[in-house]
Amino acid sequence: MQFYLDGYRPGDPFVQQEHPEAAAREAGLPDVADVVIVGCGPAGLVLAAQLAQFPELRTVIVDRRDGPLEVGQADGVACRTVEMFEAFGLAGQLIHEGYQVNEVTFWQPDPGDRSAIARTGRIDDVEEGLSEMPHMIVNQARMLTYLRDHMRRSAARAEPFYGLHATEVRVDDDPAAGYPVTVSLQHLRNFEPTGEVSSIRAKYVVGCDGSRSGTRQAIGLELNGDATNQSWGVLDVLAVTDFPDIRLKSAIHSEQGSILIIPREGGYLVRLYIELDNERDAEMLRERTVTPEKLAAVANRILHPYTLSVKDVGWWAVYEIGQRLCDRFDDVPENEAGTRLPRVFIAGDACHTHSAKAGQGMNVSMADAWNLGWKLGTVLRGTSRPEVLRTYSAERQEVARELIEFDKEFAAAFSSRSGQDENPEKFQGYFRQQGRFTAGVAVRYEPSILTAESAHQHLAEGFPLGMRFHSAPVIRLADAKRMHLGHAARADGAWRLYAFADRARPGAPESRLRGLAEFLASEKSPLARFTPPGAEPDSVIDVRAVLQQGHRDVTVAELPPVLLPRKGPFGLVDYEKTFCPDPADDLFAARGLDRDEGCVVVVRPDQYVAHVLPLHAHQELVEFFEGVLVEAS
């Protein structure tokens with residue numbers, strides 16, 4: 001992390017200096033806001049954390065609870081989500097605290113004694129090279145704490161408002177209205193109305209208020225889909241057991257039902273997803289008399305001949321599997337999509353719900369929010385065209401649709417014991433095949449104003465258009481630090497332009513990288529055209545380069561000025577823009593980069609590949625950004 005750009009100061013360097021706009025704000029609910037976020041769950045807090053990087057904007061986040069979530073609910077953190085948390089500077093804490101899922105074991109009825117279970121397989125949880133980040137297990141409440149702490153440390157000094165229930169969201173018909181959306185708020189204490197009411201006028205509102213979303217209802221949307229008539233119990237427990245794989249993720253199928261074991265952080269806690277049988281467990285399901293003790297009894301029934309003695313229950317719940325989805329994720333009707341811009345959005349469970357066993361709910365909800373957050377922030381800042389807001393619903397609704405289809409298949413495969421008994425290897429293979437999806441790295445956005453249809457994909461085969469930028473090891477030139485290239489990017493709303501050099505040295509006359517750098521330093525470049533006066537040179541488009549020479553074979557003296565930008569009030573030089581391959585894991589080979597031609601890979605602020613171009617395709621680069629960014633003049 002870089003700091004001290006504005007001058008040395010003692011204390012925690014991760015606490016940003018408070019922005020003057022934030023310092024001047026009065027305490028309490030404002031009358032107007034740029035963005036109002038309804039709900040402090042995973043989607044709401046990722047959105048708030050992203051918008052906290054735009055401290056000049058007024059973002060208000062409200063929740064009907066009296067305070068932060070303390071226990072329970074989601075816990076699986078996909079590799080892609082850990083990559084996202086790295087952009088917020090939070091991955092290290094998450095990995096240090098959480099349980100790392102390394103392997104999965106599979107258990108089936110013992111052929112010699114069908115009343116007992118036996119282990120039938122053991123595989124890696126995540127395929128080699130899929131991500132530099134692991135699959136983690138961390139309590140959702142802790143994930144939300146990380147995000148709130150990040151908001152407090154930000155220049156915005158952002159804090160949620162609790163005890164507020166959004167009772168109405170109303171959009172003004174006048175498109176010229178400065179704050180066209182009104183949110184009515186009922187004040188609560190212990191979820192009971194106090195009699196006090198408030199309202200906020202906003203430019204945009206985002207409903208992250210769960211499956212019963214009032215925001216969704218206010219804009220005339222509904223969740224469509226079906227329940228599966230399958231119920232599962234969830235137990236977070238401290239237990240004593242003779243089951244040998246209690247500290248491994250384990251998929252267990254017996255004659256008595258199914259359990260998915262998820263070890264939790266801390267070395268002792270474990271989560272049990274317990275299938276409830278519609279016949280054997282019918283009475284307690286029908287009469288709603290489920291208790292932790294009854295769930296533990298079902299778990300013991302399934303685990304036979306092993307036993308599990310519960311000593312303490314941290315959290316428990318019962319849920320029915322159902323897959324439901326909204327047709328769109330904003331307030332613009334389909335017949336007005338080309339003539340109207342959205343003002344109200346929904347994210348997370350407000351627009352898609354599914355089972356918990358695939359571990360996608362929290363992860364996909366957070367990805368919704370990151371997709372939307374940078375778009376709102378840059379549109380409100382005036383650097384992105386408002387039309388980019390239309391891409392949120394189109395992109396994320398398709399992701400959610402694919403998730404629903406996957407979840408139906410996954411839930412059915414997990415509960416179908418007969419097929420697993422006949423061919424357990426097939427079920428294990430299914431787990432392995434779906435690893436990219438459950439890791440969160442299979443998302444691919446279709447062409448749009450944000451994702452080009454490039455004829456130059458062959459220059460960078462390992463960076464597919466529309467997919468997340470797959471980081472790789474590099475060595476930073478200036479200080480010889482080994483690191484991951486993708487970790488240089490922060491969740492700051494900036495586009496990344498990665499220039500992968502041709503074979504020539506960066507200062508040589510024949511260097512295509514040098515030609516690109518000279519163009520980027522000219523008045524015709526997208527940097528000059530789209531960076532506002534007075535803003536840092538990398539605040540809108542952040543240029544990075546990866547050379548082919550080793551870090552000991554070239555010096556910073558050979559770099560062009562665009563790779564040594566001067567920043568801050570003192571005109572300090574940023575030396576952290578240029579990298580070299582790591583000999584132990586050369587990214588030019590790993591990502592299929594053309595060594596003779598080199599290339600430019602344009603990456604969106606949420607780390608998805610937007611374009612691949614030759615180093616000399618200067619005009620194509622400008623034309624792409626013309627469709628997305630606002631002229632600085």
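Okay, let's start with a contact: the side chains of Glu86 and Arg490 meet in a salt bridge, 3.2 Å from N to O. Keep in mind that this is a predicted model. What I like here is the sequence distance: Glu86 sits in helix H3, residues 79-87, while Arg490 is in the loop between strands E20 and E21, 404 residues apart. Glu86 is buried, at 18% relative accessible area, because the cut-off for buried is under 20%. Arg490, at 30%, counts as partly exposed.

Next pair. Glu576 and Arg476 also meet through their side chains in a salt bridge, at 3.2 Å, N to O. Glu576 is partly exposed at 23%, whereas Arg476 is buried at 9%.

Then there's Arg604 with Asp606, where the closest N and O atoms are 2.9 Å apart. Arg604 is buried at 1% relative accessibility, and Asp606 is buried at 1%.

How many salt bridges does the structure hold? The count is 47. Some join up: Asp492, Arg496, Asp538, Asp542, Arg544, Lys567, Asp574 and Lys577 are linked in a network.

Now a quick look at a sheet. This one is open, with 3 strands in the order E3-E7-E4 and antiparallel pairing. E3 and E4 are the edge strands, each pairing on one side only. E4 and E7 pair over 3 bridges, and Tyr99 stands opposite Ile137 in E7.

Last, the surface. Met1, Phe3, Tyr4, Tyr8 and Phe14 make a nonpolar patch of about 580 Å². Tyr4 lies in the segment before helix H1 and is partly exposed at 33%.

Definitions and conventions:
Residues numbered from 1 in each chain as written. Predicted model: local features only at pLDDT ≥ 70, side-chain atom pairs only at ≥ 80, totals over all residues. Heavy atoms only, no water. Pairing = 2+ DSSP bridges. Helix = DSSP H or I, 4+ residues; strand = E, 2+ residues; numbered from the N terminus. Patch = residues over 30% accessible without salt bridge, like charges linked within 9 Å, V, L, I, M, F, W, Y side chains within 5 Å. Areas by Shrake-Rupley, 256 points an atom, 1.4 Å probe, with all protein chains shown as cover. Salt bridge = Lys/Arg side-chain N within 4 Å of Asp/Glu carboxyl O. Buried < 20%, exposed > 50% of the residue type's maximum accessible area, 1.4 Å probe, protein only.
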